Amino acid sequence: MKSSPLIIKSLSLTDSSNKTDTIYQSPQSTLGDFVFDASVANVFPDMIQRSVPGYAAIINMIAILTELHAQPNTHLYDLGCSLGASANAMANGLGDKDCRIIAVDNSQAMLDKATANSSLNASRIRFELGDIREVDIQNASLVVLNFTLQFLPREERAELLGKIAKGLQPGGILILSEKIQAETPEEDERLIEMHHAFKRSQGYSELEVSQKRSALENVLLPEKLSTHTQRLKDVGFTSVDCWFQCFNFVSMVARV
Ligand code: GEK
């Protein structure tokens, strides 16, 4: 018997408080590095939707890619889960497949809210406080790194990706979403200009855009799409498809 198709009603990406991000609204005399603390967790749904063009579309597609690729009796991982948007999308895409979703973040403030936001999927998602570099990836059919790899030191990325490739079952996939650096400095400038226009269209001021950019400078370390693709192949993935791009934000599907 054929099961009924997955219907994606746009997932709710907000939490019940739904606060507006005003963190960089007033001038700051010293701009420290960006951290995922309670003040960020408090406004995170608003912040990420107004900062990452296409974020809601990517989350909705994670449900569809889960429906396509999740294998019964396997593990699904959401690495750097923040408030659990990807983990909840996976739960929605699973249908009645018996899978365990493991969602990891090293920010307790994020996990507290993630747990509260995910009560409907509580039996399927296990939230864990930890570093994604330490997670044991086993019997996986789907791993999601949705805008998280970019926060690791560049030289530590290959080891994590290699561990993911080894932990995936045949037919398993990694969904890797990243802010990227364009292939040439000229293209990079053009994409950054478009991204900043997007942020202004979302109500951020020039001051907010420039203070956030400075705070992220040493923390969010983008790489070229060609660098991502080559490294994924070097560590054991056989194909890498870029299925989404909006300005300098991309999402790839890598298969073992
Ligand atoms: C989403 N995936 O909504 N170990 C564990 N967590 C980490 C680490 C680390 N080493 N480094 C950063 N994080 C989410 C959005 S946000 C992206 C991901 C953004 C966590 C960090 O605490 C934060 O919650 C998340 O990765 C990145 O689909 O804010 O641009």
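Trainee: Which backbone does a nitrogen atom of the ligand sit 2.8 Å from?
Mentor: In this predicted model, a nitrogen atom of the ligand lies 2.8 Å from a polar backbone atom of Gly 80.

Trainee: And what about the side chain of Asp 105, how far is an oxygen atom of the ligand from an N or O atom there?
Mentor: That separation is 2.6 Å, taken from an oxygen atom of the ligand to an N or O atom in the side chain of Asp 105, while a nitrogen atom of the ligand is 3.2 Å from an N or O atom in the side chain of Asp 131.

Trainee: OK, how much of the ligand's accessible area does the protein cover?
Mentor: On its own the ligand has 650 Å² of accessible area, and the protein covers 94% of that.

Trainee: Which elements give two or more residues to the shell?
Mentor: Those are α2, spanning 55-69, and α3, spanning 85-93; in total 23 residues surround the ligand, and the closest are Tyr 55, Gly 80, Ser 82, Asp 105 and Asn 146.

Trainee: How do the shell residues divide?
Mentor: They divide into 11 nonpolar, nine polar and three charged residues.

Trainee: Switching to the helices, at what angle do α1 and α6 cross?
Mentor: The axes of α1 (residues 38-51) and α6 (residues 185-201) cross at roughly 135 degrees and come within 8 Å, and α1 and α6 are therefore oblique to each other.

Trainee: Which residues meet there?
Mentor: From α1 there are Gln 49, Arg 50 and Ser 51, which meet His 195, Phe 198 and Lys 199 of α6; the residues of this contact divide into one nonpolar, three polar and two charged.

Methods:
Residues are numbered from 1 along each chain as its sequence is written. This is a predicted model: local features need pLDDT of at least 70, side-chain atom pairs count only at pLDDT 80 or more; totals for chains, interfaces and linings use all residues. Side-chain values use heavy atoms; hydrogens and water are left out. A residue is near a molecule or strand if one of its heavy atoms lies within 4 Å of it. A polar contact is a pair of N or O atoms within 3.5 Å; within protein, one must be able to donate a hydrogen and the other to accept it, and residues adjacent in sequence count only if both atoms are side-chain atoms. Accessible areas come from the Shrake-Rupley method with a 1.4 Å probe; for residues, only the protein chains shown count as cover. Helices (H or I, at least four residues) and strands (E, at least two) are DSSP runs, numbered from the N terminus. Ala, Val, Leu, Ile, Met, Phe, Trp, Tyr, Cys and Pro count as nonpolar, Asp, Glu, Lys and Arg as charged, and the others, Gly among them, as polar. Axes are lines fitted to C-alpha atoms, for helices over the stretch in contact, and angles run from 0 to 180 degrees between N-to-C directions. Angles under 35 degrees count as roughly parallel, over 145 as roughly antiparallel, 65 to 115 as roughly perpendicular and the rest as oblique. Contact means heavy atoms within 4.5 Å.
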